[in-house]
Amino acid sequence: MPQATYHFPRGFLWGAATASHQVEGSNTNNQWWKWEQDGHTNGTSGLAADWWGGRWREDFDRAAEGGQNAQRISVEWSRIQPEPDKWDEEAIEKYRAMLRGLRERGMTAMVTLHHFTDPLWVTEQGAWETEAIVPLFKRFVRKVVDALKEYVNLWVTINEPNVCALSGYANGAFPPGINDIKQAVKVEANMLRAHAAAYRAIHELQPEARVGYALHYRPMVPKLKWSPLDRLMRNIRYEGVNMAFPTGISTGIMKTPVGNIAVPEAKGTQDYLGINYYSVDTISFHIGNQKELFTYSGFAENADFSDNNFIANIPEGFFDTIKWAVRTYPNLPIIVTENGIECADDHIRPRYIAQHIHQMWRAVNFNWPIKGYFHWSLVDNFEWERGWTQRFGLWGLDLDTQKRIKRPSVDFYAEICKENGLSSEMVQKYCPEVFDKIFPS
Ligand code: BGC
C-alpha cells in the first residue's frame, strides 16, 4: 500500500468559512429575516449558532485547536448601519472583538462585506435593482474598512453575486422571489458596479489590501453529449451562471445570454479570484423552465450524493474549476473561499474533503497560484431557503441546546491543517473507501 503525503506550499491558508446571517442569530433587521418570517424558508434562522451572543469565542477556539491558520467571516450591513443615517458603533466594536479574537488565536482573517443580506432600509429603496445601490454600498464599505483594517487586509466585496442575483430574480428561491432573468442581469450588473466602487474605496483606505469577490463557479456538462439541444442549453446556462462577473472584470463588459452590459470601471478590479466550488451540473433542455431560459440542471445519475441529493461529490470538477481560473486569469492568485458538503452523520464528508484536497494538490503541482482553502463550514448554519435541513458544519449544532457535536471530519481536517497536507495514513483512517483513488498503487 503506497505511503505518501501530499504537501501544500508553505504559508498556505487553511480555514473555514461562515457568513453573518447564517451563524450570528437574532439578525432581525435584514430582508432574509423578513423572508423567513413570511414563511418562505424551511424553518427560521432564529438564534443560529449564536455568534452574536458570544459563541464565536468557543467556535474560534475549536478552529484554532483544529489547526486552522485562517477563518473567513462576514459582517452584517444591517447591524452596522441599521438606518440610512445611523451607524451602530457597538456592532462595529463586536466585529473588532471577533477579529481580535482571530488574531489572538493566530488566524488570518478574511472578511466578506456582503453575503446575501441587505438591511431592510436598503430593500425598501430597491436594493440592487438600481444603480443607487453603488454609493450606498460604497459608504458602508468605507465605514467598515476604516474600522476593521487594523485586523484585516483580505477582503471579499460580494459573495456569489451570480447566486444572489439569479436566485433572487431568476429562479426566485431567494428574496425578493422574482422570476425575471433580465432583471437578474441588471441586478448583477449593479453588483459589479458596486464591487468596482468597493475595490477602489478599500485600496484608497488600505493600499496593501487584497481585494476580490467570491465566484460560485459551476462546471457543467450536457446531459446527452450527442444532443445539440442539450449542448446549447449547457452553453447558455454556463454563460449565464458563471461568466457575467468574470467577463465584466476581464473586459469591462459583462456578457450574458440575454445581452451585454458595459461596466468599464470594473475592468481589472481584483487582486485574487475567490472560488466557491461545490459540484458539477448536468444540463438538459426543459421546455417548462422558462424562468431559467429553458434549461434544466441536475446531476449525473449514480453520482455520490449528499444527504438531500443537493450536492454530488465530483472532485474532478474542482480541478477543472481551478484550471479554468488559471486559464482565465494567468498569474492571479486563487483562494478557495468555499468548498463543502451537507451531511449530518458525516458519512460522505471525509471522502469529499480528501478527494477535493487531492484535486487541489494536483493543481498546486502545476505551480498554479492557489493560496488558501476555506471549508464550508465550521459549524452547522442556517442554509437559506433550505433552513436547517442541510448540515454543512465540520461541527454539528444542536439547535435546542446550542451544543456543538463533534463529527469525525473535525479531526480529519485538523490533521490536514496541521500537516499542511494530506497523507495516506489520514485517508486510510478517515475514508479508506477512496484510498485507491487518491493513492493508487
Ligand atoms: C453560499 C453559502 C451557502 C453554501 C451552501 C454557497 O452558495 O455562499 O452561504 O451556505 O453555498 O449552500
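1. Which residues does Phe137 touch, not counting residues up to four places away in sequence? In this predicted model, the contacts of Phe137 are with Trp77, Leu113, His114, Trp128, Thr157, Ile158, Ala194 and Ala198. Phe137 is also listed, together with Trp14, Trp128, Trp155, Ile357, Met360 and Leu422, among the residues with the most contacts inside the largest nonpolar core.

2. The core to which Phe137 belongs has 133 residues, and helix H9 provides the largest share of it, 12 residues. As background, in soluble globular proteins nonpolar side chains tend to be buried together.

3. Helix H7, which spans residues 133–148, has 16 residues and reaches 22 Å from its first C-alpha to its last, close to the 22 Å expected at 1.5 Å a residue. Its buried residues are Ile133, Val134, Phe137, Phe140, Val141, Val144, Val145, Ala147 and Leu148. An α-helix has 3.6 residues a turn, so residues three or four places apart point the same way. The cover over the buried residues of H7 includes helix H4 (77–80), helix H5 (89–104), strand E4 (108–114), H6, strand E5 (154–159) and H9.

4. Helix H12, residues 349–364, likewise has 16 residues and a reach of 22 Å between its first and last C-alpha, close to the 22 Å expected at 1.5 Å a residue. H12 is mostly covered, with 15 of its 16 residues buried.

5. The C-alpha atoms of Ile322 and Gly25 are separated by 34 Å, and the two residues are 297 residues apart along the chain.

6. The largest pocket holds about 1100 Å³ of space and is lined by 48 residues, of which Val163, Ser167, Asn171, Arg218 and Arg237 lie nearest its centre. Helix H8 (161–169), helix H9 (181–205), helix H10 (228–251) and strand E12 (295–298) each supply at least two residues of this lining, with the largest share, 5 residues, coming from H10. Divided by class, the lining has 23 nonpolar, 14 polar and 11 charged residues.

7. Asn162 deserves a separate entry, as a residue that lies in helix H8. Because its relative accessibility is 2%, Asn162 counts as buried. Apart from residues up to four places away in sequence, Asn162 touches Ser167, Glu188, Leu215, His216 and Val241; of these contacts, Ser167 is one of the residues that lie nearest the centre of the largest pocket.

8. The second largest pocket has a volume of about 310 Å³, and its lining consists of 21 residues, of which Gln31, Thr123, Tyr169, Pro175 and Pro176 lie nearest its centre. Two or more residues of this lining come from each of helix H2 (31–37), helix H6 (120–124), H8 and H9, and H2 gives the most, with 4 residues. The classes in this lining are 14 nonpolar, 3 polar and 4 charged.

9. How many cavities of 30 Å³ or more does a search of the whole structure find? The search finds 1, and about 70 Å³ of space lies in the largest cavity. The residues lining the largest cavity are Arg62, Ala63, Gly66, Gln68, Leu378, Leu394, Trp395, Val410, Tyr413 and Ala414. Helix H3 (51–65) and helix H13 (408–419) each supply at least two residues of this lining, and H13 gives the most, with 3 residues. By class, the lining of the largest cavity has 7 nonpolar, 2 polar and 1 charged residues.

Definitions and conventions:
Residues are numbered from 1 along each chain as its sequence is written. This is a predicted model: local features need pLDDT of at least 70, side-chain atom pairs count only at pLDDT 80 or more; totals for chains, interfaces and linings use all residues. Side-chain values use heavy atoms; hydrogens and water are left out. On a 1 Å grid over the protein atoms alone, a cavity is a set of points where a 1.4 Å probe fits but cannot get out, and a pocket is an open set with protein on both sides within 12 Å along at least five of seven lines; lining residues have an atom within 4 Å of a point. Grid points are joined across faces, edges and corners, and a volume is the space filled by probe spheres set on the points. Ala, Val, Leu, Ile, Met, Phe, Trp, Tyr, Cys and Pro count as nonpolar, Asp, Glu, Lys and Arg as charged, and the others, Gly among them, as polar. The expected span of a helix is 1.5 Å times one less than its number of residues. Buried means under 20% relative accessible area, exposed over 50%, partly exposed in between (1.4 Å probe, protein chains only). Contact means heavy atoms within 4.5 Å. A nonpolar core is a set of buried Ala, Val, Leu, Ile, Met, Phe, Trp, Tyr and Cys residues joined through side-chain atoms within 4.5 Å.
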